[in-house]
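Look at the chain below and follow it from one end to the other. The paragraphs after it start with the whole chain and then turn to single residues.

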Amino acid sequence: MTYPVGTVILFFSLTIASNFQEHLKEGLMIMPVLLFIPFHVVIPFTLLCIGFIKHRIKKQKRCSHPNGCSAFVCYPLPQMQLLPLFFYLF
């Protein structure tokens, strides 16, 4: 993987900017729009929205059993809540 990626990077480094002044111009004018705004604004905002949606869906799926169990599956009898503990013992 190193040689193909290195070859691609070398090719783009030679074709994107022909001299140092052009490289600085690209770094100060073009890259903030292409890289910094998406990585610092768009991606975090998208992840924040996804987190809120997942939290809301998880909150709606929670059990509303009168015993107040916090699991996604409600057991009708208190003895049945101890059933998963037996699997850990054996």
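The protein chain has three helices and zero strands; helices (H or I, at least four residues) and strands (E, at least two) are DSSP runs, numbered from the N terminus. Read from the N terminus, the order is α-α-α. The model is predicted, so local features need pLDDT of at least 70 and side-chain atom pairs count only at pLDDT 80 or more, while totals for chains, interfaces and linings use all residues. Residues are numbered from 1 along each chain as its sequence is written, and side-chain values use heavy atoms, with hydrogens and water left out.

How many of the 90 residues count as buried? The share is 4%, where buried means under 20% relative accessible area, exposed over 50%, and partly exposed in between (1.4 Å probe, protein chains only).

Helix 2 covers residues 20-61, which is 42 residues. From first C-alpha to last, helix 2 reaches 57 Å, close to the 62 Å expected at 1.5 Å a residue; the expected span is 1.5 Å times one less than the number of residues. Helix 2 bends by about 65° at Met 31, the bend being the angle between axes fitted to the seven residues ending there and the seven starting there. A proline, Pro 32, follows within four residues.

Glu 26 lies in helix 2. Leaving aside neighbours within four places in sequence, Glu 26 is in contact (heavy atoms within 4.5 Å) with Ile 16, Ala 17 and Met 31.

Pro 44 is also in helix 2. This proline is partly exposed, with a relative accessible area of 39%. Not counting residues up to four places away in sequence, Pro 44 touches Pro 38 and Phe 39.
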